[in-house]
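This report walks through a structure, one topic at a time. Please look over the sequence and the model first.

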Protein chains: 2
Amino acid sequence: MIMNNFRMTPQRRIILEELKKTRKHPTADEVYHSVRKKLPDISMGTVYRNLEILTKQEEVQVIRNGGKKKRYDGNSTKHFHIKCTNCGRIDDLPENLVGLIKKNITVDCGYEITGYSLVLYGLCPDCKKKLGGK
Amino acid sequence: MIMNNFRMTPQRRIILEELKKTRKHPTADEVYHSVRKKLPDISMGTVYRNLEILTKQEEVQVIRNGGKKKRYDGNSTKHFHIKCTNCGRIDDLPENLVGLIKKNITVDCGYEITGYSLVLYGLCPDCKKKLGGK
DNA sequence: TATCAATTAGTATTAGTTACTATTACTAAT
DNA sequence: ATTAGTAATAGTAACTAATACTAATTGATA
């Protein structure tokens, strides 16, 4: 019998715990280092694999923020982020922000906003056709 | 005497031309291949360097779109993009889109929208302090 | 408790990008 | 025109984040 179940291993559990208890949106490498304090023998591959699995399970979300490293967010509810162009730090933003952006891109959240980018995801007309029967 | 001027070399000019005349938002590799039709000996490094320089000069903008490849856009005016989650293709969106997104994420542009992400850029409070005197 | 896919640590590989190196081309001031 | 100094180039090496591979181990289920 094929089991498509995921196991909750100690490694996976601790990776998730670390992500849930921080608001720092760490990179895979940062997760690796914080988890290693509790599991000194964990490997980078395990961290990457579990981050991917937890993302699929929607326990975690990935932030692709314009830099080359992915960042991971233990808060899986839909929300927006703001990134510091100097240090790369990422903070959460309240959900009503889109409206504020529309008029003037000025938000009183301590940041000095210099820009923003928006990317939608979806299927283009061609792919919709191709995948139509799926 | 230090000259901080950029030269408009044939390589740079043709790279820019190729970007201006397409709406396909090509990757560095795609730029390389289309430019090579006119300059068969151009090297990948030259393409990357010039894309970077043209971006600094704001002739071109970079699209970091959630994949690992950067894409380049010869249209340097502020606008938004939509990316196909299947084929990676990126199209332009009209600027009034942010408002539309706010209510319901349904846009009649042929795409089937499955999600979107928004990232603001700016200086966080800490960095503002650090760089205050600059 | 026997089974067997899922998971693991460790390592090798990949892919995109950037850095380096020796050479050539351009620019501005003699 | 010649020189001096910088920018740019082709080609290649190096880097880095992420993924793939491998043999051994784990742990949920029958």
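Is Thr27(B) buried or exposed? The model is a predicted one. In it, Thr27(B) has a relative accessibility of 2%, under the 20% cut-off, so Thr27(B) counts as buried.

## The loop between α1 and α2 of chain B

Thr27(B) sits in the loop that joins α1 and α2 of chain B. Setting aside residues up to four places away in sequence, Thr27(B) touches Lys69(B), Lys70(B), Arg71(B) and Tyr72(B). Tyr72(B) is 45 residues away along the chain, yet the C-alpha atoms of Thr27(B) and Tyr72(B) are separated by 6.2 Å.

His25(B) belongs to the loop between α1 and α2 of chain B as well. The relative accessibility of His25(B) is 2%, so His25(B) counts as buried. The backbone at His25(B) deserves a look. Phi is positive there, at about 50°, although His25(B) is not a glycine.

## Helices α1 and α2 of chain B

Two packed helices are described by the angle between their axes and the distance between the axes. For helix α1 (residues 10–20) and helix α2 (residues 28–36) of chain B, the angle is about 110° and the axes are 10 Å apart. An angle from 65 to 115 degrees counts as roughly perpendicular, so α1(B) and α2(B) are roughly perpendicular to each other. The crossing of α1(B) and α2(B) is right-handed.

Which residues make the contact? From α1(B) come Ile14(B), Ile15(B), Glu18(B) and Leu19(B). From α2(B) come Val31(B), Ser34(B) and Val35(B). By type, the residues of this contact divide into 5 nonpolar, 1 polar and 1 charged.

## The buried face of α2 in chain B

Four residues of α2(B) are named as buried: Ala28(B), Val31(B), Tyr32(B) and Val35(B). Seen down the axis of α2(B), these buried residues fall within an arc of 105°, so they line one face of the helix. An α-helix has 3.6 residues a turn, so residues three or four places apart point the same way.

What do the buried residues of α2(B) pack against? Their partners are α1, α3 (44–56) and β2 (70–73) of chain B. Val31(B) and Val35(B), both buried, also take part in the contact with α1(B).

## Chain A: overall layout

Chain A holds 5 helices and 5 strands. Along the sequence, their order is α-α-α-β-β-β-β-α-β-α. The chain has 134 residues, of which 42% count as buried. Among contacts in chain A with a separation of 6 or more, 40% link residues 24 or more positions apart.

Helix α1 (residues 10–21) and helix α3 (residues 44–56) of chain A cross at roughly 70°, and their axes come within 10 Å. That angle makes α1(A) roughly perpendicular to α3(A). On the α1(A) side, the contact residues are Gln11(A), Arg12(A), Ile15(A), Leu16(A) and Leu19(A). They meet Thr46(A), Val47(A), Asn50(A), Leu51(A), Ile53(A) and Leu54(A) in α3(A). The residues of this contact divide into 7 nonpolar, 3 polar and 1 charged.

Past α3, Glu58(A) lies in the loop between α3 and β1 (61–63) of chain A. Is Glu58(A) buried or exposed? With a relative accessible area of 62%, over the 50% cut-off, Glu58(A) is exposed. Phi of Glu58(A) is near 60°, a positive value in a residue other than glycine.

Technical notes. Residues are numbered from 1 along each chain as its sequence is written. Chains are lettered from A and ligands numbered from 1 in the order in which they are written. This is a predicted model: local features need pLDDT of at least 70, side-chain atom pairs count only at pLDDT 80 or more; totals for chains, interfaces and linings use all residues. Side-chain values use heavy atoms; hydrogens and water are left out. Axes are lines fitted to C-alpha atoms, for helices over the stretch in contact, and angles run from 0 to 180 degrees between N-to-C directions. Helices (H or I, at least four residues) and strands (E, at least two) are DSSP runs, numbered from the N terminus. Angles under 35 degrees count as roughly parallel, over 145 as roughly antiparallel, 65 to 115 as roughly perpendicular and the rest as oblique. A crossing is left-handed if the near helix is turned anticlockwise from the far one by less than a right angle, and right-handed if clockwise. Contact means heavy atoms within 4.5 Å. Ala, Val, Leu, Ile, Met, Phe, Trp, Tyr, Cys and Pro count as nonpolar, Asp, Glu, Lys and Arg as charged, and the others, Gly among them, as polar. Buried means under 20% relative accessible area, exposed over 50%, partly exposed in between (1.4 Å probe, protein chains only). The arc is that of the directions from the helix axis to the C-beta atoms.
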